[in-house]
Amino acid sequence: MSEKKISPSERFGLRRDNYLLDPRTNEEDRGFYARRPDSVQLDKQITDLEGDLETKTSPKKLYWGVIGGGKTHTLYKILEELAARLDIEVVFVECPVTKKTLTFTELYRKVLDAMGMD
């Protein structure tokens, strides 16, 4: 008797065909975070942002790195922790396409425009 062939998705109980995690489009992926030894110190980031938000000062953080380096997952992990501690409203804005000569003021204006703010 021959064995029935099963797909990797069936074998491992996967609910989708690819192995990509995208916290932007899939809420289930937002809970996944694999901390790297050389990554940001999450507890410190969360505490700093929590202090800024509680004192109503504008938090300013910049996360940068290579594509696929974990920036988005890190931000969603921080958001998850902050949302559990504080009543916050989160707005996501993709960084606008810019020129290398763009000043901070121009970037700030572009971000506000993307958020629909004056």
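Which helix gives the most to the lining of the largest pocket? Helix H3 does, with seven residues. The close-ups below come from a predicted model, where local features need pLDDT of at least 70, side-chain atom pairs count only at pLDDT 80 or more, and totals for chains, interfaces and linings use all residues. Residues are numbered from 1 along each chain as its sequence is written, and side-chain values use heavy atoms, with hydrogens and water left out.

**View 1. The largest pocket holds about 1,900 Å³ of space.** A pocket here is an open set of points on a 1 Å grid over the protein atoms alone, where a 1.4 Å probe fits, with protein on both sides within 12 Å along at least five of seven lines; lining residues have an atom within 4 Å of a point. The volume is the space filled by probe spheres set on the points, which are joined across faces, edges and corners. Look for Pro59, Lys61, Val91, Val93 and Val111, which lie nearest the centre among the 32 lining residues. Helices H2 (42-54), H3 (71-85) and H4 (104-115) each supply at least two residues of this lining; helices are DSSP runs (H or I, at least four residues), numbered from the N terminus. By class, the lining has 24 nonpolar, two polar and six charged residues (nonpolar: Ala, Val, Leu, Ile, Met, Phe, Trp, Tyr, Cys and Pro; charged: Asp, Glu, Lys and Arg; polar: the others, Gly among them).

**View 2. The second largest pocket holds about 620 Å³ of space.** Of its 23 lining residues, Arg36, Gly69, Gly70, Lys71 and Thr74 are the closest to its centre. This lining divides into 10 nonpolar, eight polar and five charged residues.

**View 3. H2 and H3 cross at roughly 50 degrees, their axes coming within 10 Å.** Axes are lines fitted to C-alpha atoms over the stretch in contact, with angles from 0 to 180 degrees between N-to-C directions.
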